[in-house]
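Here is a friendly walk through a structure that may be new to you. Have a look at the sequence and the model first, and then read on.

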Protein chains: 2
Amino acid sequence: MNTAEATERLLEAAEDLFYAQGVQSVGMDAVRSRSGVSLKRLYQVFPSKDDLVAAYLNTRDERWRRSLREFVAARGDDPLAVFDWLHKWFSEPDFRGCAFVNSFGEFGTLAPGVAAAIHNHKDEVRAYLRRLVADDDLANQLFSLMEGATVLAAIKGDPGEAGTARAAAATLLAARR
Amino acid sequence: MNTAEATERLLEAAEDLFYAQGVQSVGMDAVRSRSGVSLKRLYQVFPSKDDLVAAYLNTRDERWRRSLREFVAARGDDPLAVFDWLHKWFSEPDFRGCAFVNSFGEFGTLAPGVAAAIHNHKDEVRAYLRRLVADDDLANQLFSLMEGATVLAAIKGDPGEAGTARAAAATLLAARR
DNA sequence: ATCGCGGGAGAACGTTCGTTCTCCCTGGTG
DNA sequence: CACCAGGGAGAACGAACGTTCTCCCGCGAT
């Protein structure tokens, strides 16, 4: 097994485990078992758990935003499509909320690499929304709705929060015309 | 020191430490040191850390909701006052987001006592908003805005998120008239 | 004064976890 | 075939943590 494949398998295992159970309750041994990559190799690729966590967050950020971007683009960049995508996401069987918000809950401002990844993710999403609606205030309001819907859907296990936020977003969009 | 005072001091220490640093990274020794209550007494009052955590969340829930309720009542139960209260909360120097959302990030659905406390808190807040606006759909939308603003204010350290959510709430309220 | 007991301080125990080390096998090279 | 660099499996190590245990003191009852 070469380094590239080991990296890929490690990130896949880390994402599955960290997202499902939280970072702190997953040991490096669990990552080794699920990935099939030896501990020695693991520590060659990611010298510490912090490095693995940062890499997990950054790869998840990119996949998550790409999925959202492509879905919305296929709907002619309609801002309301964002909330339809949220509904789809919330309905996935292993949905457990925003990985970045959850990690913030676990680490707060303590771990610098983690905090940087969280900030970067939220900044990128906000910038995307601003491009989508071309109105910074409105974009910020939609962002708040997105985050709130995600948190509540995760806690309640109810994808319907996406519909609530969508209706609010529709009202906000209509008020700007 | 009697049991009642020990309980009070333990809960105060637990809340300070758990909220500031997260539950998992605070050991029972730290709670003992800050509270000045011996370990023996600690385990008499709270037989396990889980019990202490559940008690922490439940006392925090009650204080938090009472503070919100009283503030909004003093403004004639104006729903927008909710967001002014949020701004005040976000501006506190030790603000670190919603304790319940953070705990959800740490424990997910794993710890039953914790999960129950989280559900209870969110249900109570939602019920309060429904009483305030007498329109369930609108209440749910405002709830989403509240949660989103809280998450973003915590991550960015910016109390201004309350103003963004307030503006959105004003638009939603106006649209219902 | 003596006894007994509840409580304080903190050592101790067993487990878990991040990280490193040991041992052995493999496979390519001369 | 001899050799050795590298990697796999997992033991080992040191720290941290939840929980329990030991030891001792002080105080109320007899």
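Following the sequence, chain A shows the pattern α-α-α-α-α-α-α-α-α. Its secondary structure comes to 9 helices and 0 strands; helices (H or I, at least four residues) and strands (E, at least two) are DSSP runs, numbered from the N terminus. The C-alpha trace of chain A spans about 60 × 30 × 30 Å along its principal axes.

A word on how to read the model: it is predicted, so local features need pLDDT of at least 70 and side-chain atom pairs count only at pLDDT 80 or more, while totals for chains, interfaces and linings use all residues. Residues are numbered from 1 along each chain as its sequence is written, and chains are lettered from A and ligands numbered from 1 in the order in which they are written.

**How the two chains meet**

In total, 36 residues of chain A are in contact with 37 residues of chain B, where contact means that the C-beta atoms of two residues, placed from the backbone, lie within 7 Å. On the side of chain A that touches chain B, helix H6 (99–107), helix H7 (112–133), helix H8 (136–156) and helix H9 (161–175) each supply at least two residues. H8(A) gives the most to this side, with 14 residues. Of the interface residues of chain A, 100% are also interface residues in chain B, so the copies meet through the same surface.

How are the copies arranged? A rotation of 180 degrees with 0.0 Å of shift along its axis superposes chain A on chain B, with an RMSD of 0.0 Å. The two copies are thus related as by a two-fold rotation axis. In chain A, Gly148(A) has the C-alpha nearest the axis, 1.9 Å from it. The superposition is by least squares on the C-alpha atoms of residues with pLDDT of at least 70 in both copies.

**Two helix pairs**

Helix axes here are lines fitted to C-alpha atoms over the stretch in contact, and angles run from 0 to 180 degrees between N-to-C directions.

| Helix pair | Angle | Axis distance |
|---|---|---|
| H1(A) and H2(A) | about 120 degrees | 9 Å |
| H9(A) and H8(B) | about 95 degrees | 9 Å |

The angle of about 120 degrees between H1(A) and H2(A) makes H1(A) oblique to H2(A). H9(A) and H8(B) are therefore roughly perpendicular to each other. As for the cut-offs, angles under 35 degrees count as roughly parallel, over 145 as roughly antiparallel, 65 to 115 as roughly perpendicular and the rest as oblique. From H9(A), the contact with H8(B) uses Glu161(A), Thr164(A), Ala165(A), Ala167(A) and Ala168(A), and from H8(B) it uses Asp137(B), Asn140(B), Gln141(B) and Ser144(B).

**Around the DNA**

Which residues surround DNA strand C? Among them are Gly27(A), Tyr43(A), Lys49(A), Met1(B) and Arg41(B). H3 of chain A together with H3 of chain B are the elements that give two or more residues to the surface near DNA strand C; a residue is near a strand if its C-beta atom, placed from the backbone, lies within 6 Å of it.

DNA strand D is surrounded by 13 residues, the closest being Ser38(A), Arg41(A), Gly27(B), Ser48(B) and Lys49(B). Near DNA strand D, helix H3 (39–45) of chain A and helix H3 (39–45) of chain B each supply at least two residues of the surface.
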